[in-house]
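Hi,

Here is the structure I promised to pass on to you.

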Amino acid sequence: MSVCKGTIFQVIRQIIGQNPKSMLFTLILYNIQGFMPPFFYLRDMIDFRSDTVTKPSKAMLEHMRLAPVGDDVFMEDPSINTLEKFISEKFGMEAGLFCPSGTMTNQVAIKTHTQAGDEVICEELSHVYQYEGGGIAFNAGCSVKLLQGDRGRINAAQVKAAINPEDVHKPISRLISLENTTNRGGGACYDFNEFKAIKEIAIASQLMLHLDGARLFNAIIHKKEDPKDYGKVFDSISICLSKGLGAPVGSVLIGNAAFIKKARRWRKVLGGGMRQAGSLAAACMYALENNVERLSIDHANALLIRDALLKKDFVASVLEVETNIVIANIKGSKTAHEIAQALKDRGVLAMPMSPTQLRFVTHLDITDANMNETIEIIKKL
Ligand SMILES: Cc1ncc(COP(=O)(O)O)c(C=O)c1O
């Protein structure tokens, strides 16, 4: 049973609002809460399902409110122009393209790099293949060569072996798409030398190299990398601001000027040409200016969750935690879904990935108090 959001106290609190008298009342209710059984409490769910659940802070909203706007299809939105310039320069690339989602930046990139009938090489768990609705086939008309990697990461030798020879029977290998950090691989990061080795293979065979960097800043912070190194290796990079960085909407595709010019056309074809969307870009700028360095807090919190999980007899192992994703392998009589339900009954949300895998993702809306409470709840589970 879960009554987290609907406790009688919470309903009362919502009805009476937040004037000074009712705040006193709320305080009393919060104190009563300490004596309540596990599923009676007044707070919101502590949500570890994904780092996409973050809500814009007051300061971010204020930044959005003040943003100058214009028509971005005419390339006249000052806030979007600023964001595109800022992020492309940060990675040492020539130009950027603001899109509403990471799926769109990836799909526009793939469409721009390829022609129908080409082949895209990627890891079998990669987001571009698993979670973008078959967009590689639908939007770009390409086939995919899937490689089995290590937690979502592939290596140069695999890529070399996967490139098709010049043969009319085979599709033309055109694009390699990598992911850093890997989502389904549990936030694993590439060793940068592997990127360089893959780039050499790509150059030798005239393939393009795309990076799905939905959580690229998590890798950059964890590995203390220089964003400009990424700009030197990749032909295009998709960067999401709506994951761990906390913007409500927005991804930017970066590359050279000719590539982005072509990509802008495909964004329009896909319906992603936005008008006065500068307030969204302003949220992304706020995220870049304020929420990058703090990702290390999310990484430290992920380690705390890993440590608590490792003490449980229903946990067989936890994938090595590098960034903000924790994936526990579950053993024993309970499934990951049942454990997720038990957590939910106590006000904590985690995501079952399969009957034997449970995922926690840390993010900027998780407070220290949330962490302490979650660790206690896991202990008592
Ligand atoms: C690795 C990766 N790439 C791309 C995306 C797509 O982003 P969006 O949800 O903004 O389309 C996600 C979303 O979680 C992701 O994890």
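Among contacts between residues at least 6 apart in sequence, 74% join residues at least 24 apart; a contact here is a pair of C-beta atoms, placed from the backbone, within 7 Å. This is a predicted model, in which local features need pLDDT of at least 70 and side-chain atom pairs count only at pLDDT 80 or more, while totals for chains, interfaces and linings use all residues. Numbering starts from 1 along each chain as its sequence is written.

The chain has 381 residues, of which 45% are buried (20 or more other C-beta atoms within 10 Å of the residue's own; exposed is 12 or fewer, partly exposed in between). Its secondary structure comes to 16 helices and 13 strands, taken as DSSP runs numbered from the N terminus (H or I, at least four residues; E, at least two).

Now the cores, meaning sets of buried Ala, Val, Leu, Ile, Met, Phe, Trp, Tyr and Cys residues joined through C-beta atoms within 7 Å. The largest nonpolar core has 70 residues, and Ile176, Ala281, Ala283 and Cys284 have the most contacts inside it. Helix H13 (residues 278-290) supplies the largest share of this core, eight residues. A second, separate core has 24 residues, including Ile46, Ile325, Ile339 and Ile366.

What does Cys284 touch, leaving aside its neighbours within four places in sequence? Its contacts are Leu83, Leu241, Ala247 and Gly250.

Leu83 belongs to the part of H4 that meets H13. Helix H4 (residues 78-90) packs against H13 at about 35°, with the axes 7 Å apart (axes are lines fitted to C-alpha atoms, for helices over the stretch in contact, and angles run from 0 to 180 degrees between N-to-C directions). On the H4 side the residues include Ile80, Phe86 and Ile87, and on the H13 side they include Ala281, Met285 and Leu288.

Then there is the sheet. Seven strands form an open, mixed sheet in the order S2-S8-S7-S6-S5-S3-S4, where strands pair if DSSP finds at least two bridges between them. S2 (95-99) and S4 (143-147) are the edge strands. S3 (residues 118-123) and S5 (residues 172-179) run parallel, joined by five bridges, and Cys122 stands opposite Ser177 in S5. Helix H12 (residues 257-269) packs on the sheet, touching S2, S7 (236-240) and S8 (251-255), and its direction makes about 20° with that of S2.

Best wishes

Terms used:
Two residues are in contact if their C-beta atoms, placed from the backbone, lie within 7 Å.
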